[in-house]
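This report describes one protein chain, first as a whole and then at selected residues. Please consult the sequence and the model while reading.

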Amino acid sequence: MIIESLLIIGIALLLDFKFGDPKNKYHPTAWIGSFLAKLTPITKNKNPTIEKFGGACVVIITLFIVILLLLALNIGISLITVDYVSLIVSVIVGALLLKSTIAIH
């Protein structure tokens with residue numbers, strides 16, 4: 001739905017202009033950063049080929065975890081049986097997720 005998408009974008013931009021990015025450990029970007037910081041030393045190797053393979057594995061593992069979390073969230077929202085409640089929750093969650101990807105303010 002185009003109206004749902006426009007609402008998500010509008011709310012995300014409004015939230016970003018109003019609050020900006022939180023500089024704390026509760027931001028999803030901080031979670032991913034700390035996760036990557038823990039995995040990166042494991043991939044260090046003197047052989048550049050092995051190190052590149054380890055780096056690719058870190059990226060794939062991170063993407064896999066994020067995709068699984070988003071799929072679980074999507075399934076959880078779709079289990080809400082009342083259509084308008086599902087739409088409201090979808091717009092709010094979508095706006096919060098999109099807000100975490102932009103940094104205008």
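The overall fold is treated before the individual positions.

The structure is a predicted model, in which local features need pLDDT of at least 70 and side-chain atom pairs count only at pLDDT 80 or more, while totals for chains, interfaces and linings use all residues. Residues are numbered from 1 along each chain as its sequence is written, and side-chain values use heavy atoms, with hydrogens and water left out.

**Overall architecture**

The protein chain contains four helices and zero strands, arranged along the sequence as α-α-α-α. Helices (H or I, at least four residues) and strands (E, at least two) are DSSP runs, numbered from the N terminus. The radius of gyration of the protein chain is 18 Å, whereas a compact globule of 105 residues would have a value near 13 Å. This radius is taken over C-alpha atoms, and the globule rule is 2.2 Å times the number of residues to the power 0.38. Along the principal axes, the C-alpha atoms fill a box of roughly 55 × 35 × 25 Å.

Of the 105 residues, 17% count as buried; buried means under 20% relative accessible area, exposed over 50%, and partly exposed in between (1.4 Å probe, protein chains only). Among contacts with a separation of 6 or more, 70% are accounted for by residues 24 or more positions apart, where contact means heavy atoms within 4.5 Å. The accessible surface of the protein chain comes to about 8100 Å², and carbon and sulfur atoms hold 77% of this area.

**Selected residues**

| Residue | Relative accessible area | Class |
|---|---|---|
| His-27 | 9% | buried |
| Asn-45 | 35% | partly exposed |
| Gly-94 | 18% | buried |
| Ser-100 | 16% | buried |

His-27 lies in the loop between helix H1 (2–19) and H2. Leaving aside neighbours within four places in sequence, His-27 is in contact with Asp-21, Pro-22 and Ser-100.

Ser-100 is placed in the segment after helix H4 (83–99). Beyond its neighbours within four places in sequence, Ser-100 is in contact with His-27, Pro-28 and Thr-29. The side chain of Ser-100 also reaches the backbone oxygen of Leu-97 at 2.7 Å. A polar contact is a pair of N or O atoms within 3.5 Å; within protein, one must be able to donate a hydrogen and the other to accept it, and residues adjacent in sequence count only if both atoms are side-chain atoms.

Gly-94 is located in helix H4. Between Gly-94 and Leu-7 the C-alpha to C-alpha distance is 9.3 Å, although 87 residues separate them in sequence.

Asn-45 belongs to the loop between helix H2 (28–43) and helix H3 (48–78). A polar atom of the Asn-45 side chain lies 2.8 Å from the backbone nitrogen of Asn-47. Once neighbours within four places in sequence are set aside, Asn-45 is in contact with Ile-50 and Glu-51.

Key. Accessible areas come from the Shrake-Rupley method with a 1.4 Å probe; for residues, only the protein chains shown count as cover.
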